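This report is for a reader who is new to the structure below. Please look over the sequence and the model before reading on.

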Amino acid sequence: MTAHARDTPQFYLTAPSPCPYLKGQFERKVFTHLVGDKAAGLNDLLTHGGFRRSQTIAYRPACENCRACVSVRVRVDDFVWTKAFRRNRALNRDLVGREIGLQPTSEQYSLFRAYLDRRHADGGMVDMTVLDYATMIEDSHVRTGLVEYRRRGPDTAINGRGAGPLLAVALVDRLSDGLSLVYSFYDPEAQDRGLGTHVILDHVARAKSLGLPYLYLGYWVDGSPKMDYKRRFRPQEYLGATGWGLREGE
């Protein structure tokens, strides 16, 4: 029997289950654990290979008869600021995003619940309790943090903090070559603001200010309307059989 080093990752395959994105399809995932001193480096390597992180698990699709899930990342330095994107930034110029580390709060959970109940009532996260939410935020062995979005207040220019109710939250990993949006949610009552788009645009700007070339957006799923919004953020690279490359026509 071969002996494996304790810090050598072991990979596992899930049983088939109904696909949350494509009706009539079944999904399988290959996954491994992200724990210990080498977790950050492993997360970096696996993200480059098309994996996503959820708490201390890194996973990617391993479906037998479907290749609809495609890892995508935005080229930050060449990002195309369309008129619609510029309008979104102008509309939300009264917001400030502040990184707070891994600090789950009851206010965040209330916003999280409102978001799920309105936008993803049939999703796999709808039954998450406040303890589940805290675990999602805190259970990490990689370089990650939360960004909270609030309206600008009278002291924002001094302390960098917003004021008033929480409007959006993003959980973001810091990689060697970019930022990876792990999960985000926002106030479903503020539909006119386009807060989901604003969070992505803000992280394009954050990655650029940090000198990082990419913003990782997870999976685009061909044939899934709920994932089609990701294609608006260009130029965009996708992970294919020969590695990362631009989409045709970009």
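The sections below cover the domains, the contact between them, one threonine and several salt bridges.

## Model and domains

The model is predicted. The protein is divided into two parts, domain 1 (11-68) and domain 2 (74-240). The C-alpha centres of domain 1 and domain 2 are 21 Å apart.

## Where the domains meet

In the contact between the domains, 23 residues of domain 1 touch 27 residues of domain 2. About 2,000 Å² is buried between domain 1 and domain 2, and carbon and sulfur atoms give 54% of this area. On the side of domain 1, the residues that lose the most area to domain 2 are Tyr21, Arg52 and Arg53, which together make up 34% of what that side buries.

Between domain 1 and domain 2 there are twelve residue pairs in polar contact, counting pairs with both residues at pLDDT 80 or more. Helix 1 gives the most, with six residues. By class, this side of domain 1 has eleven nonpolar, eight polar and four charged residues.

The count of salt bridges between domain 1 and domain 2 is one. A salt bridge joins the side chains of Arg53 and Asp173, with N to O at 2.7 Å.

## A buried threonine

Thr32 belongs to strand 4 (residues 29-33). With a relative accessible area of 1%, Thr32 is buried, because buried means under 20%. A polar atom of the Thr32 side chain lies 2.7 Å from the backbone oxygen of Gln10.

Which residues is Thr32 in contact with, leaving aside its neighbours within four places in sequence? They are Pro9, Gln10, Phe11, Leu46, Thr56, Ile57 and Ala58.

## Salt bridges across the chain

Side chains of opposite charge can pair when their charged atoms come close. The count for this model comes to 13 salt bridges.

Glu237 forms a salt bridge with Arg73, and the closest N and O atoms of the pair are 2.8 Å apart. This pair links distant parts of the chain, with Glu237 in strand 13 (residues 236-240) and Arg73 in strand 7 (residues 69-75), 164 residues apart. Glu237 is buried, at a relative accessible area of 3%, and Arg73 is buried too, at 7%. Salt bridges link Arg73, Arg75, Asp177 and Glu237 in a network.

## Two pairs with loop residues

Asp94 and Arg193 meet through their side chains in a salt bridge of 2.7 Å, N to O. Asp94 is in the loop between helix 2 (83-91) and strand 8 (95-101), while Arg193 is in the loop between strand 11 (178-186) and helix 6 (195-209); the two are 99 residues apart. Asp94 is partly exposed, with a relative accessible area of 27%, whereas Arg193 counts as buried at 13%.

Arg118 and Glu189 also form a salt bridge, with the closest N and O atoms 2.5 Å apart. Arg118 lies in helix 3 (residues 106-119) and Glu189 in the loop between strand 11 and helix 6, so this pair ties together parts that are 71 residues apart in sequence. How accessible is Arg118, and how accessible is Glu189? Arg118 is partly exposed, with a relative accessible area of 43%, and Glu189 counts as exposed at 58%.

Conventions:
Residues numbered from 1 in each chain as written. Predicted model: local features only at pLDDT ≥ 70, side-chain atom pairs only at ≥ 80, totals over all residues. Heavy atoms only, no water. Domains from an automatic or database assignment. Contact = heavy atoms within 4.5 Å. Buried area = accessible area lost by both parts, 1.4 Å probe. Salt bridge = Lys/Arg side-chain N within 4 Å of Asp/Glu carboxyl O. Polar contact = N/O pair within 3.5 Å; in protein donor to acceptor, adjacent residues only side chain to side chain. Helix = DSSP H or I, 4+ residues; strand = E, 2+ residues; numbered from the N terminus. Nonpolar A, V, L, I, M, F, W, Y, C, P; charged D, E, K, R; others polar. Buried < 20%, exposed > 50% of the residue type's maximum accessible area, 1.4 Å probe, protein only.
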